[in-house]
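Visitor: I have a new structure to look at. Please show me how to read it.

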Amino acid sequence: MAVQIMIRLSQKMFISLLNLGKHRYILKILIFSLLTSSCSYLSQHSSPPLANSSKSKTLTIWWDKGSNIEEDDALIKLIKDWEKRSGNQAKLTFYSNDDLPERTRKAIQSGNPPDIVMGSSAERELIPHLAWEGKLEDVSDVIEPVKNNYSEAALEAVHFYNKSARKRSYYAVPINQLTIHIHYWRDMLKQVGRSEKDIPTDWDGFWEFWKKVQTDLKAFNPSQDNKEPIYGLGLPFSAAAADTYYIFEEILEAYNVEIVNSEGVLRLDDPKVRQGIVKSLTWYANLYRQGCVPPNATRWLNPDNNRNLINRKVVMTANTTLSIPAAVRQNPDIYRNKLGTLEFPKKPNGEPMRYLVAVNAAILFANSNNQKEGKEFLAYLAQPETIKTYIKSAGGRYLPVMTPLWKDSFWTNPADPHLSTASKVLMKGQTRPFYFVQNPAYSVVLQENIWGKAISRIVKDGVSPQQAANEAIAQIKEIFAKWE
């Protein structure tokens, strides 16, 4: 049997999708297309098994559900091609981004994990501590033959310490990378007589601009009082969304707050660091208190900032992939003319913003019964042409980690307002990895969404930023103490 396809959407994701409002018809089309595509694929590949099927192995692969059908189809085709080459089989299961990390942890606890996992939050929430605990297979023999193709940042992002082996090694295969982008509606700015050239690049001016746009839109359409209001900012404030901690980590970077130094040492006892955390929490919470974001942002899951922008409930949002442009790519007018992508403003001190970069990577579990086949699949996946076809088919949602791929004009064409902006950010080199690269304990900080909880404590429970900072610092120290 060829690759078997299963799709899992969490109950929360399903409910979120049902809330697409006036765009519910889009949901129906997507679900119909997804089911049609999956059923078509299975029917086309129900042919007799290969001649050597008695010796073939079946890999169990868990993967993030793509944001579009093309992304999923590209992975299915990639696996199909590998099956033909290897004579082996694969059982592929798609899970939502919200579901995959938790399902993986439960599978590990039960002693029955899949062979391979690739999830967009795994690099932050799973891989560092799984490598530390010796639960991942060393994949250096997969990476070494293609090592020169990878950027240094990509290699650094998968080079972790194993406390059992007492050394660092490669415990994941980089697939693509992402950083944070700002998306906004150009045509909504036009309604109030503004355009991209009016957007300030200084920190305070930039954020005040969106507050004024919200006010101007209300004045432009007084009947809005009887409708659902439009908000200037679409930022998450919940402990349930990974986007919350990603965006807040960027705010900490903006205020030059260094939580962990280059040697992996926690710096929370430094009074300046604590002061910077309080200042960052105060700034972020004030956006909610001032009514600049939807009140239900305290309950958002990962897709909700995307959906609120696409449904025009907010003017702008910050997002950790290019999934928003990818979602409207099929409409050239919206993609090229109505939707815009921006770089972050300069830091409050006037320095250029430095962007946090995450690398999506595939892992193979150490107790997998299919080590040889798993590494063969990862080696095929790591070929430049293989990975280029896959990530391009995703509509540019993610960006390359292999330097030769940047030569493809698909990523740098100035006629594409989204990919060219995102590529410029990464090619400038003003980036840094998350702190878990220096110390894997920080992956637990992200997994538990300590910053999301601190923000929620302020805007929902009414505690002061100082108290929320003290609680977060105590929780982070407790996490790090367990890793010493």
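This is a predicted model: local features need pLDDT of at least 70, side-chain atom pairs count only at pLDDT 80 or more; totals for chains, interfaces and linings use all residues.

Guide: Residues are numbered from 1 along each chain as its sequence is written, and side-chain values use heavy atoms, with hydrogens and water left out.

Visitor: How many helices and strands are in the chain?

Guide: Helices (H or I, at least four residues) and strands (E, at least two) are DSSP runs, numbered from the N terminus. The chain has 21 helices and 13 strands.

Visitor: What share of the residues counts as buried?

Guide: Buried means under 20% relative accessible area; exposed is over 50%, and partly exposed lies in between (1.4 Å probe, protein chains only). Here 57% of the 484 residues count as buried.

Visitor: Which strands form the open sheet, and in what order?

Guide: Two strands pair if DSSP finds at least two bridges between them. In this open sheet, four strands take the order 9-10-8-11, with mixed pairing. Strand 9 (231–233) and strand 11 (339–342) are the edges, each pairing on one side only. From one strand to the next, the twist averages 25°.

Visitor: How many bridges join strand 8 to strand 11?

Guide: Four bridges join them, and the two strands run antiparallel. Ile182 has Leu342 of strand 11 as its bridge partner. His183 stands opposite Thr341.

Visitor: What packs on the sheet?

Guide: Helix 10 (residues 203–220) does, touching strand 8, strand 9, strand 10 (314–319) and strand 11. Its direction makes about 150° with that of strand 10. Strand 11 is covered on both faces: Leu339 and Thr341 are buried on one side, Gly340 and Leu342 on the other.

Visitor: At what angle do helix 11 and helix 12 pack?

Guide: Axes are lines fitted to C-alpha atoms, for helices over the stretch in contact, and angles run from 0 to 180 degrees between N-to-C directions. Helix 11 (residues 242–254) and helix 12 (residues 271–289) pack at about 125°, their axes 9 Å apart. Helix 11 is therefore oblique to helix 12. Angles under 35 degrees count as roughly parallel, over 145 as roughly antiparallel, 65 to 115 as roughly perpendicular and the rest as oblique.

Visitor: Which residues make that contact?

Guide: Contact means heavy atoms within 4.5 Å. Helix 11 gives Ile247, Phe248, Ile251 and Leu252; helix 12 gives Ile277, Ser280, Leu281, Trp283 and Tyr284. By class, eight are nonpolar, one is polar and none is charged. In this scheme Ala, Val, Leu, Ile, Met, Phe, Trp, Tyr, Cys and Pro count as nonpolar, Asp, Glu, Lys and Arg as charged, and the others, Gly among them, as polar.

Visitor: How do helix 3 and helix 17 cross?

Guide: The axes of helix 3 and helix 17 (residues 384–393) come within 8 Å and cross at roughly 155°. The two helices are therefore roughly antiparallel. Glu70, Glu71, Ala74, Leu75 and Leu78 of helix 3 meet Thr386, Tyr390 and Ser393 of helix 17. That contact has four nonpolar, two polar and two charged residues.

Visitor: Where is Asn88 found, and is Asn88 buried or exposed?

Guide: Asn88 is in the loop between helix 3 (69–86) and strand 3 (89–95). Asn88 counts as buried because its relative accessibility is 8%. Leaving aside neighbours within four places in sequence, Asn88 is in contact with Ser56, Lys57, Trp82, Glu83, Glu373 and Glu376.
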